[in-house]
Every structure is written in structure tokens, then in C-alpha cells.
Amino acid sequence: METFTDLCHINVKGGDGGAGCMSFRREAYVPKGGPDGGDGGHGGNVVIVADAQLSSLIDYRYKHHFKAERGTHGKGARRHGSDGQDLLLRVPLGTVVRELDPETQEPLYEIADLTSPGEQVVVAPGGNGGRGNIHFVTSVRRAPAFAEKGEPAQEHWIELEMKLMADVALVGMPSVGKSSLIARISAARPKIADYPFTTLVPNLGVVRAQNGQSFVCADVPGLIEGASEGKGLGHQFLRHIERTALIVHMVDVTGGYEGRDPVEDYYAINKELKAYASKLADRPQIVVANKCDMPGTEDAIEALRKAAEADNRTFFAISTVTGLNLDDFVTTCAAEVAELRKEIAITTPTVDRSESWENQRLRRDSKLRIEREERHAWRVSGGQIERMVIQTDWDNDEAVAYLQRRLDRMGLELQLAKAGAVDGDEIRILELTFTYEDSTKPNTDGIKIPNEDALDQQFDDVEFEDAPSDASRLTEASSETE
């Protein structure tokens, strides 16, 4: 029997990029053959794909580390390395993917919300392959003696949270008869017993009404007062109600073993739904009084009916044992779901947002962040600029000079000046440090000052953050830049 798993943390890493080759053509009768180093192959991506055939995250319960194939190195004679193969991780529809803090394992931001079959998102891009020395030939550099290294892929933790994609959610206190109802109206066969929390995982069943309409119903494990704060198993199951179009609120009119007041139960569960997510308070809801075949329940049924009608909610008095009013109840649910589906299709049509998720990832990757770490020290970070540094061969003077020119063309120096950096400040990128020299100031050597407008186009998204140890130094720096 498959174990139900709806939340897990996994570690993902793309494949490392292959190194570019530094090579020169060497053939008989071909004097001074030019550079012919091939490019390294790109590493494979780790990709999360939504699969309509899956119903649980069980594949990630015991295995937590996933790594894509690396790219191979380039070779001479312009032979490029092969790209690594992508690693596809399949998840159920309704899975939310989040980035996790590496230390606290708390969610940082949402990467994607996969709701359409085949929808996918790259969660761990493979490293870029290094370029061979054939790419660095210029009119003045005819024989470049350097190539780029392959980019090592980043390794990080992500969270997968599955929220059921059901039309109707059965909610209520423990042991009110939700499992009995879904077993009666569908082919689902949940565990049924006369003690609280018999149901520990959500059960799905397809219900077909007499008029031919059908809907997917989820039997959500029982909630208790305080569920929105995590009491009982609240947080584990309230997430599964978020996506449903219709809530069926079931109440035991006998009061159960504890002799609870059915009306108080009704208000208590609604309070928890609202506290967990305010939008659930406005979700269409049908109130169902169960166990109405039991003697002495007439007053409780009538009191619950009045409470439901006061909230403008449809009310049914049913019995899962005798089948009392079940056909009418199912027909009403099916008609309500059909109407809600039409509204949802008009307002929020289902689309494959794979391209949108990828664009968001690329924007995060291209963002440049400049942060003051100490009084005269700055941290520069961002996927694009860190990639350049990583792929540079720091033992090769030509490669280092080429990186310096690239950073100048991108306008890094100008952005540092905007942040408040001054001559002699320390610039940190990854584990490397540089000394800042401001060349944008007016000079007497006839050197042209960079065009600020043109350079700004290189960094569309630059984030500055000041965290100086001396508050007066920050005020001084900000006034200088203004």
C-alpha cells in the first residue's frame, strides 16, 4: 500500500559544466595554425514536472539528494563537450515548490506552483560549459592562451508541498462520519472506525450524480479547535482545503462521545478555516447534519439548520447508514461544482506557466546585489557575475585581464560608485577580494568617462544595501553619492 506523503525537503544540484579547451591547431604543412579549443558541455538541469498520474510525494520520502549529469570537457580540433542529461523529478498536480534557507530550513520564497499537467520548472540549473580559446580571438589578440573553466552547479534545498486538487472537501470534527460518507457516495474505501482520528491521510473519491455530472471529493482528516495554530494535525491537512471549489461541512448532530453541541462545532470549525486562510471563510459551503437517523436529534438538526441558513448556506440532514437524502445531496454538490468550474474557467483559465517560472528564475539569476559588509568593504553577489568569476582561470594573466574588461563593459565600477564605494575599498566576490579604483572621475589623461546611461542598461536590476558598522560613515557616504 502506498504511503501518503504531502510535504518533503529535498537537496537538488544541477550538473557541473565542462571546461573549455585551450588548444592550437597543429598539422603538417599548416604553419601557425590558429586556436581550435572546443567548448565544454553544459551540465544537466534538475527539473520538477507536474504529473497527473501521481497522488503523493512518496518518491521523495526516503531519497533526498538528486543530482543531474555533468557536461564533458571540450577538446582540441574544435570538438565540443557533450551536454549533461536533465534529471526530471515528477510530482503530483497542485505541488508548490519553495526555496529553503540552508541553515534554518525555513521557506524563503516560492519558486513555482504547478497546477497543470506537464507544467515544469527548473529548480537546479546545470553549470554553463566553459568556452574554448577560439572565442577569445580579436584583431589584437590572435593567439589567446586561455579558456574558460566549467561552471560548478549550485546545490541547495527546496520544499515540495502537495495540496490536493479536489472539487469538494469534506471537513468537520473527528468521527463525524466523513469517511463513511465518501465510502457511501464513491468507490473510495477509507478506513472507518468508531474512534477519533481514524483517518490520518486525505482520501480522494470520484462521485457521480444521477444526472451524469461528476466531481472529485476529498475526505480531509478531522479538525479540532486550534487547528489553524497547528494543534492536532491541523496544519498538515488544512492545506488540502485551499484549492477546493466547494466545502462540505459535516456535523455530528448526536454530539459524539463527548456530547458536544453541534452548533458550537459548526462555528468552531468555521473559525479555524478563517484563521488559517481568510479566503476560506468566503468559499462556497454546504452544511450537512449527519447521523440524523438517530432518535432524539430533531432539536439539534433544527438548531443547526437555522445556524446554516443564517449564514446563507445550503443545509442537508443526512444519514450515511440509511442513505437518507444522499441522492439530493450529491446532485446539489455536482450542480454547484459545475457552476463553480465555469466561473473559475472564465476568471482563471488553466495555463501552462512553465515559461513564466523560467523567466522568474532568470530574473533572479541576473540580479546584481551590492552590500556594504564593513566600513570599507563591499560584497558583490549575483548569479551572472559570480559565474564569470568562477569560470575564470586565476592562474592565467590573460584570463584575469579579460574578466576585468568584461566587468568594466558591464558597468560594475559605475554601480559600485553609485553605492558609495571610494578608492581603496575592498570588493568581495565569492571568496575573492579586489581593491576598488574609481576611474569614472574626471581625469587629465584624455580618457573618456564611461557613458552612464549605456552602462545602466547592462544591469536592469541592481539592489543596494548598506550595513556599515559606523552610522556616521553611512551618512557621509550617502551625501557624497548624492
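Is Gly 43 buried or exposed? In this predicted model, Gly 43 is buried, with a relative accessible area of 8%. The chain around it has 482 residues, of which 47% count as buried, and its secondary structure comes to 11 helices and 19 strands. The points below begin with the whole chain and then turn to its parts.

**The chain as a whole**

- Among the contacts in the chain with a separation of 6 or more, 73% are made by residues 24 or more positions apart.
- The chain exposes about 24600 Å², and carbon and sulfur atoms supply 48% of that area.

- Gly 43 is found in the loop between β1 (7-13) and β2.
- A relative accessible area of 8% is under the 20% limit, and Gly 43 is therefore classed as buried.
- Leaving out residues up to four places away in sequence, Gly 43 touches Gly 15, Asp 16, Gly 17, Glu 69, Arg 70, Gly 71, Gly 84, Gly 126 and Gly 127.
- Gly 43 and Asn 128 are 85 residues apart along the chain, yet their C-alpha atoms are separated by 6.5 Å.

- Strand β1 is mostly covered, since 5 of its 7 residues are buried.
- With strand β8 (residues 155-162), β1 pairs in the antiparallel sense over 7 bridges; in this pairing Asn 11 has Trp 157 of β8 as its bridge partner.
- With strand β3 (residues 65-67), β1 pairs in the parallel sense over 3 bridges; here the bridge partner of Lys 13 is Lys 67 in β3.

- Strand β2 (residues 46-51) is largely enclosed by the rest of the structure, because 6 of its 6 residues are buried.
- In a regular strand, side chains alternate between the two faces of the sheet.
- In β2, Val 46, Ile 48 and Ala 50 point one way, while Val 47, Val 49 and Asp 51 point the other way, and all are buried.
- β2 and strand β4 (residues 87-92) form a parallel pair over 6 bridges, in which Val 47 stands opposite Leu 88 of β4.
- β2 and strand β7 (residues 120-124) run antiparallel and are joined by 4 bridges, with Val 46 standing opposite Ala 124 of β7.

**The nonpolar cores**

- In soluble globular proteins, nonpolar side chains tend to be buried together.
- The largest nonpolar core has 36 residues, and those touching the most other members are Leu 181, Phe 215, Ile 241, Val 288 and Phe 329.
- At least two residues of this core come from each of β9 (168-171), α1 (178-185), β11 (214-219), β12 (246-252), α3 (262-276), β13 (285-290) and α5 (326-347).
- Helix α5 gives the most to this core, with 7 residues.
- Another core, of 27 residues, lies apart from the largest one, and its members include Ile 48, Ala 50, Ile 111 and Met 162.

**Phe 329 and the aromatic pairs**

- Setting aside neighbours within four places in sequence, Phe 329 is in contact with Leu 181, Ile 185, Val 248, Ile 286, Val 288 and Phe 316.
- The count of aromatic pairs comes to 7.
- Phe 316 and Phe 329 form an edge-to-face aromatic pair, with 5.8 Å from centre to centre and 75° between the planes.
- Because Phe 316 lies in strand β14 (residues 314-317) and Phe 329 in helix α5, this pair ties together parts that are 13 residues apart in sequence.
- Phe 316 and Phe 329 are both buried.
- One aromatic cluster is formed by Phe 136, Phe 146 and Tyr 402.

**Two further buried residues**

- Arg 428 lies in strand β17 (residues 426-429) and is buried, with a relative accessible area of 15%.
- Beyond its neighbours within four places in sequence, Arg 428 is in contact with Glu 373, Glu 374, Ala 377, Trp 378, Arg 379, Val 380 and Thr 433.
- Ser 179 is found in helix α1 and counts as buried at 9% relative accessibility.
- According to an unreviewed UniProt entry, the annotation "binding site" covers Ser 179 and Thr 199.

Conventions: Residues are numbered from 1 along each chain as its sequence is written. This is a predicted model: local features need pLDDT of at least 70, side-chain atom pairs count only at pLDDT 80 or more; totals for chains, interfaces and linings use all residues. Side-chain values use heavy atoms; hydrogens and water are left out. Buried means under 20% relative accessible area, exposed over 50%, partly exposed in between (1.4 Å probe, protein chains only). Contact means heavy atoms within 4.5 Å. Accessible areas come from the Shrake-Rupley method with a 1.4 Å probe; for residues, only the protein chains shown count as cover. Two strands pair if DSSP finds at least two bridges between them. A nonpolar core is a set of buried Ala, Val, Leu, Ile, Met, Phe, Trp, Tyr and Cys residues joined through side-chain atoms within 4.5 Å. Rings of Phe, Tyr and Trp (its six-membered ring) pair if their centres lie within 6.5 Å; planes under 30 degrees apart count as stacked, over 60 as edge-to-face and the rest as tilted. UniProt positions are given in the numbering used here, feature names are shortened, and annotations may be inferred rather than shown by experiment.
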